[in-house]
Amino acid sequence: MASLAIGIAACNNTEENKKETKEEMKTGIVKSDWGTTDGKQVYLFTLTNKNGAQVKISNYGGTITSWIMPDKNGKASSVVLGFDSLSGYLAKPPYFGATVGRYGNRIANGKFKIGNDEYTLATNNRKNALHGGLKGFDKVVWDASPTTDSVAALTLNYVSKDGEEGYPGNLKVSVSFSLSDNNELTIEYNAETDKPTPVNLTNHSYFNLTGDVSNTILDHVLMIDADHYTPVDSTLIPTGEIKAVKGTAFDFTKPEKVGARIDQVPGGYDHNFVLNRKDSSLQLVATLSDSLSGRKLEVFTMQPGLQFYSGNFLNGTFKTNDGKPINKHDAMCLETQHFPNSPNESAFPSTILKPGEKYHSVTKYKVSVQ
Ligand code: BGC
């Protein structure tokens, strides 16, 4: 079965599947065994809403493995990259659908200071620390508690120990996913620590709204509500500058094709956008649409930044469930986050969580068909 184009029989609108549709389109959440790793049981949770949209999430890495939605012709397929078996994830794909932490994106040289204390992290991206280190939150088994079987919601909990991947403090994290009947996938992050520590949690879903990697995302039309972005050095660490997008290939304040100016960006887009926002409430920050499928994605967040990554390093190593190689620009990420390398940039919004404080952040992805 394909991941993009994952043929959930119950979601196909063909005559032969109509009976099955009735039986299987139960709303709520269904839990299935999905294998074991690290001596722990892994599950796959299927969240289904009353319109038949279906999101699958595993407690391995807090990973969204598929999001099935009909297109404008009623044909169902997944708008995100993912595998239908745990082994696909154990082969370490580049964070397909994963919950990323303790610190999403890069920290320069894997080093930072809090007060006079210097910390050294596991480095896993040339000289830098990326997405939480060698075994970040994307590679651990979370404790899972489906909320009830009639509401399509799931909460995952994980305790990241003091010193894990070099980070200070025991960090208790919970991530809740819920799917509304309006096709909104809401992800709520909460965390508490017993020592000051940087925290930057995000989801790393790769979208291709056509539901088929035979089409790249270069014709997707993107809007990002950001007048500024953070330029990067050759190792993708922000230079510290907050630069205006106006007149550059980074200006997505008006909807524009992803591929229209990508040739002007060496390597492709892999940049943090500084969102225009008045406060830290949940607000619409980006839209992505695709005319082939008629699908539209809206991204809402409380975070100050958005990493737009145009799938530049996808190189055919990983294949969809139906065997299609996943290549450069076959999918893209819109990762809601604090700015990369914030612990070393005092002018960036702080990512340090202190004991007694509560980390709380919500991101919502909404898919509609036009
Ligand atoms: C980063 C990319 C990286 C990708 C997969 C993105 O969040 O910005 O540079 O290649 O994740 O690890």
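**Pockets and cavities in close-up**

**View 1. Residues around the second largest cavity.** Asn105, Arg106, Thr230, Val232, Leu236, Pro238, Asp270, His271, Asn272, Gln307 and Pro340 form the lining of the second largest cavity. The model shown here, as in every view below, is predicted. The space in the second largest cavity amounts to about 50 Å³. Strand β21, which spans residues 270-274, is the element that contributes most to this lining, with three residues. By class, four of the lining residues are nonpolar, five are polar and two are charged.

**View 2. The second largest pocket and its central residues.** This pocket holds about 250 Å³ of space. Its lining consists of 16 residues, and those nearest the centre are Val232, Leu236, Pro266, Gly268 and His271. Eight nonpolar, five polar and three charged residues make up the lining of the second largest pocket. Val232, Leu236 and His271 are among the residues nearest the centre of this pocket, and these three residues also occur in the lining of the second largest cavity.

**View 3. The largest pocket and the residues at its centre.** About 520 Å³ of space lies in the largest pocket, whose lining comprises 28 residues. Pro94, Tyr95, Asn125, Leu130 and Phe313 are the lining residues nearest the centre of the pocket.

**View 4. Strands and residue classes in the lining of the largest pocket.** The elements that supply two or more residues to the lining of the largest pocket are β24 (305-309) and β25 (315-319). Strand β25 provides the largest share, four residues. The lining of the largest pocket as a whole divides into 12 nonpolar, 10 polar and six charged residues. Gln307, which falls within the range of β24 (305-309), belongs to the lining of the second largest cavity.

Terms used: Residues are numbered from 1 along each chain as its sequence is written. This is a predicted model: local features need pLDDT of at least 70, side-chain atom pairs count only at pLDDT 80 or more; totals for chains, interfaces and linings use all residues. Side-chain values use heavy atoms; hydrogens and water are left out. On a 1 Å grid over the protein atoms alone, a cavity is a set of points where a 1.4 Å probe fits but cannot get out, and a pocket is an open set with protein on both sides within 12 Å along at least five of seven lines; lining residues have an atom within 4 Å of a point. Grid points are joined across faces, edges and corners, and a volume is the space filled by probe spheres set on the points. Ala, Val, Leu, Ile, Met, Phe, Trp, Tyr, Cys and Pro count as nonpolar, Asp, Glu, Lys and Arg as charged, and the others, Gly among them, as polar.
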